[in-house]
Amino acid sequence: TMEFGPIWRAMMRNKGGYLLIALQIAVTMAVMVNAFAIIQERSIKMSRPSGIDDANTFSLVSVAFKPDMDAKTLVQEDLDLLRSLPGVVNAVETNSFPLRQGGWSEGLHREPGVGKSVSSSAIYFTDEHGLETFALNLVDGQNFTPDQVSWDSDSPDFWPATVIVTQALAEDLFPDHEGSYVGKTFWFNDENPANIVGVVERMQAPWPTWTGVERSMLVPLRRESEFARYVIRTEPGYRDELMVQVEELLSGSNKDRIIRGLGSAEEARKLSYLGDAAMIKILSFIVVLLTAITGLGIVGLASFSVARRTRQIGIRRALGATKPAIVRYFMLENFLVSSVGVIAGGVLAVGLNIVMVQAFALTPLAWYVIPVAMMVLWIVGQVAVAGPARRASGISPAIATRSI
């Protein structure tokens with residue numbers, strides 16, 4: 001059985017190549033670990049539920065170009081038509097929807113006053129059909145009643161007296177409150193109190209990178225405008241068919257407007273996370289590339305070592321060393337080099353992660369990431385050296401002794 005001591009001493013007599021490979025392993029591990037941390041964080045971010053039925057929801061925009069068009073009548077006619085279609089669960093006119101990357105936000109106060117707000121929220125203007133259209137999970141309170149829904153076409157500071165908020169917004173507004181948030185009041189400004197009549201489990205804001213992405217509210221307000229955005233939820237399997245049908249119906253029902261912006265909630269979600277998806281692909285490619293380069297470096301060093309020590313290996317074979325013993329020698333040699341590399345890489349990875357956590361507010365590394373990375377690089381090293389080691393074990397004692 002080979003001892004680590006003799007192998008280590010033999011390596012130290014020609015340590016330049018081994019140190020370079022160990023350094024390469026260390027750098028690869030530091031990059032691999034922190035890239036994995038970023039990939040994991042982005043993946044978790046992308047998998048967060050929006051709170052709505054993404055798979056069966058789509059939206060479009062109606063833009064009227066006739067100046068004297070009655071917007072209220074047109075919107076109501078459109079909604080009646082949409083809600084009557086087979087396969088449509090419900091439809092609503094609204095200003096935005098989760099992860100659309102454009103919408104309305106507002107600062108909120110616990111007391112009347114226009115000073116510094118204590119929280120902020122995404123605002124979704126809707127009516128009593130909003131909960132069902134968005135497929136929101138109402139965990140407390142009740143939906144809007146039709147008489148609570150109002151029209152506003154003039155004052156931008158007009159706010160209805162009732163709202164439905166997400167659980168995250170309620171907790172942010174009233175951090176010390178325990179129990180139901182229904183009946184609690186906050187203010188948009190000096191004169192506009194808002195009473196919470198319902199709480200939904202989740203409804204994300206339109207901006208995925210916003211720190212308050214889980215803070216949203218439904219406001220029972222319909223704004224009279226030539227610009228109307230409709231969100232439609234369908235029965236499972238009907239979305240794509242109805243997207244085409246709805247566009248044709250609305251285009252034909254009134255020629256004095258343009259229908260545009262047709263798209264599914266899934267498409268909007270994909271677009272909102274386009275940068276994150278690209279980052280995951282780039283980092284994954286970098287990790288694979290660095291690991292492959294490290295493996296090739298190990299193969300090169302081992303092949304060079306075999307070529308340089310052909311005569312020495314032949315002598316050992318002549319003295320009775322078996323083929324498994326020769327293979328084991330190179331495997332143990334690589335294990336020692338890899339161990340130095342992964343230990344140094346672990347220290348470097350932790351240091352780099354501390355810097356990244358402070359600079360970019362990333363989540364610290366999970367305890368298992370570094371041990372897993374060590375195992376991966378040990379395995380890569382052993383696989384990489386296996387080929388040269390087998391070639392070394394196949395050296396004939398007779399040929400080796402003539403190689404002077």
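Predicted model: local features only at pLDDT ≥ 70, side-chain atom pairs only at ≥ 80, totals over all residues.
Student: Let's start with strand 9. Is it enclosed or open, and why?

Tutor: Strand 9 covers residues 193–200, and six of its eight residues are buried, so the rest of the structure largely encloses it.

Student: Which way does strand 7 run beside strand 9?

Tutor: Parallel. Strand 7 spans residues 162–166 and pairs with strand 9 over five bridges. Look at Thr 166: Val 200 of strand 9 stands opposite.

Student: And how does strand 5 run against strand 9?

Tutor: Antiparallel. Strand 5 is residues 138–141, and three bridges join it to strand 9. Within strand 9, Val 199 is the bridge partner of Asp 140.

Student: What about strand 8 and strand 9? How many bridges?

Tutor: Three. Strand 8, residues 185–187, pairs with strand 9 in the antiparallel sense. Phe 186 stands opposite Ala 194 of strand 9.

Student: How many residues sit between strand 8 and strand 9?

Tutor: Five, and the two strands form a hairpin.

Student: On to strand 10. Where do its side chains point?

Tutor: Two ways. Strand 10 is residues 216–219. Ser 216 and Leu 218 point one way, while Met 217 and Val 219 point the other. All of these are buried.

Student: Which way does strand 4 run next to strand 10?

Tutor: Strand 4 and strand 10 are parallel, with four bridges. Tyr 124 has Leu 218 of strand 10 as its bridge partner.

Student: And strand 7 with strand 10, parallel or antiparallel?

Tutor: Antiparallel, with two bridges. Ile 164 has Leu 218 in strand 10 as its bridge partner.

Student: Back to strand 4. Where does Ser 120 lie?

Tutor: In strand 4, which runs over residues 119–125. Ser 120 counts as partly exposed because its relative accessibility is 21%.

Student: How far apart are Ser 120 and Val 385?

Tutor: They are 58 Å apart in space, C-alpha to C-alpha, and 265 residues apart in sequence.

Student: New topic. How many salt bridges does the structure hold?

Tutor: Ten. Side chains of opposite charge can pair when their charged atoms come close.

Student: Show me one. What does Asp 276 pair with?

Tutor: Arg 42. The closest N and O atoms are 3.1 Å apart. This pair links distant parts of the chain: Asp 276 is in helix 8 (residues 274–308) and Arg 42 is in helix 2 (residues 15–47), 234 residues apart.

Student: Is Asp 276 buried or exposed?

Tutor: Buried, because its relative accessible area is 7%. Arg 42 has 26%, so this residue counts as partly exposed.

Student: Which residue does Asp 54 meet?

Tutor: Arg 269, in a salt bridge at 3.8 Å, N to O. Again the pair links distant parts of the chain, 215 residues apart: Asp 54 is in the loop between helix 2 and strand 1, and Arg 269 is in helix 7 (residues 265–272). Both Asp 54 and Arg 269 are buried.

Student: What about Asp 127 and Arg 83? How many Å, N to O?

Tutor: Their side chains meet in a salt bridge at 3.4 Å. Asp 127 lies in the loop between strand 4 and helix 4 (130–134), and Arg 83 lies in helix 3, so the pair ties together parts 44 residues apart in sequence. Asp 127 is buried because its relative accessibility is 3%. Arg 83 is at 22%, so Arg 83 counts as partly exposed.

Student: Which residues do shared partners join into one network?

Tutor: Arg 42, Lys 45 and Asp 276, through their salt bridges.

Student: Now the surface. Which residues make the nonpolar patch?

Tutor: Phe 36, Trp 367, Tyr 368, Val 372 and Val 376 make a patch of about 530 Å².

Student: Where is Trp 367?

Tutor: In the loop between helix 10 (323–360) and helix 11 (369–393). Trp 367 counts as exposed because its relative accessibility is 74%.

Student: Which residues gather in the patch of negative charge?

Tutor: Asp 70, Glu 77, Asp 80 and Glu 224, on the surface.

Student: Where does Asp 70 lie?

Tutor: In the loop between strand 1 (57–64) and helix 3 (71–84). Asp 70 is at 42% relative accessibility, so this residue counts as partly exposed.

Key
Residues numbered from 1 in each chain as written. Heavy atoms only, no water. Patch = residues over 30% accessible without salt bridge, like charges linked within 9 Å, V, L, I, M, F, W, Y side chains within 5 Å. Areas by Shrake-Rupley, 256 points an atom, 1.4 Å probe, with all protein chains shown as cover. Salt bridge = Lys/Arg side-chain N within 4 Å of Asp/Glu carboxyl O. Lys, Arg positive; Asp, Glu negative; His and termini not counted. Charge placed at Lys NZ, Arg CZ, Asp CG, Glu CD. Buried < 20%, exposed > 50% of the residue type's maximum accessible area, 1.4 Å probe, protein only. Pairing = 2+ DSSP bridges.
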